[in-house]
Structures are given as structure tokens and as C-alpha cells.
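Please look over the sequence and the model shown here before reading the report on its metal sites.

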Amino acid sequence: MLKSSRHIHINGIVQGVGFRPFIFNLAESYDLPGWVCNSASGVDIEISGDPDKLGRFCADIPIKAPPLAQIDSINVEEIAFTPFKGFEILSSQDKATDFIPVSPDVAICADCQAELFDPQDRRYRYPFINCTNCGPRFTIIKEIPYDRPKTTMAGFELCPDCREEYENPADRRFHAQPVACPVCGPQVWLEDNAGAKLNENEEAIQSARQMLAEGQILAIKGLGGFHLACDAHNPAAVARLRDRKHRPAKPFALMAFDLETIRKYVEVTDATAALLRSPQAPILLLPRRAGTHLAKNVAPGQTKLGFMLPYTPLHLLLLKPGPNYPDVLVMTSGNLSEAPVIRENREAQEKLAGIADAFLMHDRPIHMRVDDSVFMLINDAPYPSRRARSYAPNPIRLDFDLPQILATGPQMKNTFCLTRDKYAFLSHYIGEMENWETYQDFQEAIQHYENLFRIQPELLACDLHPDYLASQYARTKAASENLALYEIQHHHAHLAAGMIENGVAPETQVAGLIFDGTGYGLDGTIWGGEVLVGNCDTFERPFHLRAVPLPGGEAAIRKPARMALSTLWAYGFPWDDSLPSVQALNEIERQALLTQLEKNLNTPQTSSMGRLFDAVAALIGVRQTISYEAQAAIEFEGLVDKTESGYYPFIIKGQEIALQPMLAALLKDLRDGATQPAMAARFHNTIARLSLALAQQVQKDYSINQFVLSGGVWQNQALLEKTLALFQQNNLTALIHRQTPPNDGCVAFGQAMIAAYRYKTRKE
Ligand SMILES: [Zn+2]
Ligand SMILES: [Zn+2]
């Protein structure tokens, strides 16, 4: 019979996901000889046999591929006939310039979970059980190709039993790089906050559980870093954690053993259940159920709770239900204020000894620190708020080729973005670039991504802001390496991110309602309530909120009362003694504020929508000072009466959105004794209607029908859902974020898209 041979190259996430054993078994099923191996750019296969069988083999690859694999392309090439003997899995090849995407970490699979609780299994209650379908990936990978010696598992030599599984193509642990067992793998132990070991293995887990049940605070080393944990039903324990962490009010993330437990506390739909149980297992912000109780101080002033399921075997062992054992644990990032989450044992002891009563440690090193991801559901689909564990470093796939770019991102909620070929590698959440540790972490992560994905930036992009650390980093690098640098306006980056991730071509003109907190404007003022029209090259700013003073800059952000009075002052309304924001400041503070406003001292102008939400929240008495970002706006949203459909008037005058009539109506509501939920609803309805009015005006003036909704304010679910409903009724297309967050977590991606397009069009 006629025989031929083929070389097949597969691109995508095909390493660390059981791809080679899948190919092995597929070849065996067709009785085709040849080989498969990982290369630095994917998987290569050579195979011989009759052409019909080879055709069916190739056709099966995308259809039958393992669940975690993501195939981007399959190249099949006819080669000279080679008579192979049997089918073999060859060891990895490495070419320095090729690359492949790296799999993110994957939550424990159902098979491993079953084994974990099976007393007959040799890995019964072993906290590091994993297989080709689950377990750590990105957090343990030091280098590619993805092979055990290039991970933090390199120091653990496989025992004969594990080796047999690792080498047996029929086994579900075949070439699972982090494979381990109680005999050969990592171990857990418990130590006190002076560093003395208390006990280890099963005993350590039992003691840790006992301490949690008794109301103590534990630092627990997880997948991408440490958590701080305590009983979510114990207000004293939660209060102690808040006190020691200097975090008075910001809501804590929660973890429960299973979906049934989560359902007791929050509303869970089919879509939320699917996302909670997905291999990504993010934290989901879900509406609280009435009548069930956790400690109130877990999430003060919140109508939503952030829940996740245990995503590692260790978490499952810690959460397993038991008599008199808490069914929900607080699981908050193990860090100090806004510093990066801690990943090393010694560092944890140094920094967290004043917070944790004990440490549940293990000896599998974490190479890359990664926080938990946070999502909401909007129209039953995931809507990211923080994109980190189990999402990064999955690239965003594009329809066009990109040069190699580094975009360094914004100051707050920093992520950076590296690009090559058709991929944009948006980094995991780095955090607030205001301290040295975060800046160090940012630089290390850039180096790691550049190395993993073989990227040497040919050009750079950064925020226009003169002082952002990330921008300074880019300017220094551009100067020292003589690279082109694109400095990009913050809200233009939001617009670009929103359009490109929705599949809009970079040259297409779209509009954006960019409602944000802070961004450096082209005129040197602080923007944030902007209507932009443009593409990945240029933009116009047809409308914006009328600028108001931001007295004292940061001081006005931390004290919404100041923002409220400043807004009243700017619009010519008196500071009536009956107003909650007036009462919140004493006579001396008010005098100083007035002088500051009148003399324009340290008072930048801002058109920020985020600040408008702060001001109005303060005006109606929701909150006058905040202890975490957006606290006033979040509590304000939580008050919205869903049955209220009234709204306040507004005027669009020239390019400015003026708020006199809205403020007048709001102040009248206050005098008439309207309830906070009614006023909150009317204000949210007003901004939704304003969005519609602005979009319709843009549609008329520019014949544009696509509207990007981007900026941190769009994390406000009440506002977003009201706006989406109005857009739908009026046949306007809203482009909302699905792959990147609407907040500043998308900015680096947008910067990269603008730089790529400007570079390409200038060059041609
Ligand atoms: Zn598994
Ligand atoms: Zn073993």
C-alpha cells in the first residue's frame, strides 16, 4: 500500500495540558508510527502511514484535543517517507527564538479531588495532588519549554511510583510536570509566628483547622502567594485581622468548600455556578442573600460578597466540612497594605508575623506571585475586575500581526503588556505602583515575561502622565536602549483596549464613554468623565464633564466631603449647614477649604466621573471619608432602589456636561426628605440617561454606532446594567470589556494597541 509521512506543527497552549499523551494515544488508535515532542514554539509531530488514515488523524486533533488545550494553528507538511518503528514521545527541543504560550494555573480537577478523599488512594489527603488536567503551571515555571527541571519542582526527585505514572502514556499523570506524592513531593508544616515548627503533614493540617475554628489568624501558603485566613463567622477574629492588617473596611474575599455552601450566603445562578467551578475558579462578586449571616465586618456596607471555591487540594483539606468547623473562611491576600502578595516562606515570617498567629507553610517554591482573579457577571457572561491567577499569562489573540512592544501601563491597578506575532500578553495584576516593592515586582515580572515569551521590545508605550513610575521606567528604557516611545493619553488607551478586545479593527472610528477616576489629560487637567471619538491612532474629545476643583488632590479623593463641597462651590450652590458633607467638616476645615478653592491653591481641575460619584455619595450622606479606593461609590451603588425609575435633569452645553439642574434637583430631594435609596437610584438613572443622550448626539454628529464603555466607573453594575438596557432599546451597540478589566487593568493593553498601530502606519 502507498505510504507517506507528514510533519505537523501545532501552535497554542499545548504544553502542560496532556497534549503529547493525547497525540500518542491517537496515533496508537490508528496504528500509525512516528513521534511527538514539545518544542519551544508548540508541539511537533512526524508520522507515517497511508494517506487516508493520516488525514483522519489530522482531522481528529482539533476535535478530540484535551480540555485545557487551546490550539491556535495546525500546520501539516508532506515530507519524504520515513519508516518509523512504533510511536514515541521524544524529549523537548529548544530553539531560543521560538515561543509558545504558557498555561496559566488550573484549579484541581474532579478526578484528583476524588482521589484526594479516597482512603484507598496512595495520595489520600495529600495537599499537592495534581495531574495533566490540573495543578500549578505559570506560578512554578522558570523557563520554557515546560519541563520539570525548568520548574520549581526540579528539586523533588520522582519516587519509582510517580516515575512510572509520569512515563506511562496511558496514565493521566503522563508528563504532568508537577506530579508528586507523599513519598517524593512537597510537604506542609505549621509554624508559630516566631518561626518554630509546631508539626507537619496531616497533623499540621489538623492543627491549622483547629486554630481557625478557635478564631485564630493563619497565614497560608497557596498557589500564587500567601493568604491570611480566619473564620468568617467570628467577628472578633475578623476584627483582629482588620486591625492588624490596617484595613478597616475593604471587603475580604471568602472561600467555601462547595457550591451548596456558597448558595447559603449569596445568589448563585447557573452562569455563576459554571464560572465558580471552572478551571479558573475566580473570586466572584455575588449579591448577598437576605437572612443568612456571616460576621458583619467581613464586608461592611456591601451588598455583594466575593466568594471562590477551593482551587488547590490544600484549600480543599482546609475547608472540608466538619462538626463545629466554620463553613466559610476569610481568604485575603497575604500582604501589607498595597504591597505585592508575599510568596516566600522567610519573607512571610518577616512581614506577616505581626498579623498571623501561625503559618501553614510548604516547600514548593512559587516562582511568580499571582493574586486571585476577581470577576462579576454581566448579562450572564464573565466581566473581569482583576485578571490574575488562572487567566494570566493567557494572551489576548488578535487578527493582525504586532511588532514586539512593551507597554508599561498605568499607576494604579498596574498591569503591563508585551506583544509579538498575533498575541498580546497582558500581565497578571501587578498592583498599585506607589511603593518600592511593587515597582521591584513590576520590573521582575517584565523580565520574566520577556524571557518566557522570547520578546525583545522594539518599541515602548507608556502613560502620558509625567510622574507615573511605570512611565518613568519606559522613558529611561527608551533613552538607554534608543527605542521609540509612544506616550499615550490614559483614556485613549481605555478606548483602544475596549475596541480591540471586541474585535473592532484598529483603524475603525468608534466612540467611547470613558468614565474613570483619574487620568492625565492632554490639557494637563485630570480627565475622567470623557466622551472620546477615535481609533487606535487619534481621538477627539467632543464632550466631557465640566471640570471642578479637586482641592488638595489626593486629600479630596480620600475625603469625598471635600469633593462634595468643591462641586457645590464650582456650580454656585451654598454650603448649607443641613448638608451631611458640610457637617462632616468643622468650621476651620471649611474655611481652609474655601480659601483653597478661592485662591486656587494645590487645586487641580478635574472632569472625573469617579469624583462626581464620590461627591454625590457624600452629598446625600453615604460616606464622607474613605479607607479604600471607590468605597463611597461602592456603598452608594449598594443603596440603589431597583424599583425607582425617576432621574434628574442635566444639560449638554457645547462640549460640556453641566450639572446645575441635577444638583438643584438633588438638593431639593434632600430638603424634601427623599430616602437615600431613592436618591441613589435617581442619580444612577441620570448617569445612564446622560450616557444615552451623549451616545445619540455622537451618533448624529459622527454617524458612529459603536460605543466602548470603559473606565473604573463601569465596574458599577447598577449603572452598567441600566445603561446597557437603554442602549439596547435605542439600537446602539455597547462594547463592554470581557477579556480585560474596565478599570485601569486594561490600560497597558490599550497602550500597546495604539503604539502598534501608530508604528505600523508611520512606517508604511
Ligand atoms: Zn487533576
Ligand atoms: Zn512520588
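The model is predicted, so local features need pLDDT of at least 70 and side-chain atom pairs count only at pLDDT 80 or more, whereas totals for chains, interfaces and linings use all residues. Residues are numbered from 1 along each chain as its sequence is written, chains are lettered from A and ligands numbered from 1 in the order in which they are written, and side-chain values use heavy atoms, with hydrogens and water left out.

Donors are N, O and S atoms within 2.8 Å of the metal (3.2 Å for Na, K and Ca), and sites may look incomplete because water is not among the atoms.

| Zinc ion | Donors | Distance |
|---|---|---|
| ligand 1 | C109 (SG), C112 (SG), C131 (SG), C134 (SG) | 2.3 Å |
| ligand 2 | C159 (SG), C162 (SG), C181 (SG), C184 (SG) | 2.2 to 2.3 Å |

Around the zinc ion (ligand 1), the 4 donor atoms make angles of 105 to 117°, and the site is tetrahedral; four donors count as tetrahedral if all angles lie between 85 and 135 degrees. Along the sequence, its donor residues follow the spacing C-x2-C-x18-C-x2-C. Because C112 belongs to helix α3 and C131 to the loop between α3 and α4, this pair ties together parts 19 residues apart in sequence. Both C112 and C131 are buried, that is, under 20% relative accessible area with a 1.4 Å probe and protein chains only.

The zinc ion (ligand 2) has 4 donor atoms at angles of 104 to 117°, which makes the arrangement tetrahedral, and the spacing of its donors along the chain is C-x2-C-x18-C-x2-C. C159, in the loop between α3 (110-116) and α4 (160-167), and C181, in the loop between α4 and β6 (188-192), are 22 residues apart and link distant parts of the chain. C159 and C181 are both buried.

Notes:
Four donors count as tetrahedral if all angles lie between 85 and 135 degrees; four count as square planar and six as octahedral if opposite donors are over 155 degrees apart and all others between 65 and 115; anything else is irregular. Helices (H or I, at least four residues) and strands (E, at least two) are DSSP runs, numbered from the N terminus. Buried means under 20% relative accessible area, exposed over 50%, partly exposed in between (1.4 Å probe, protein chains only).
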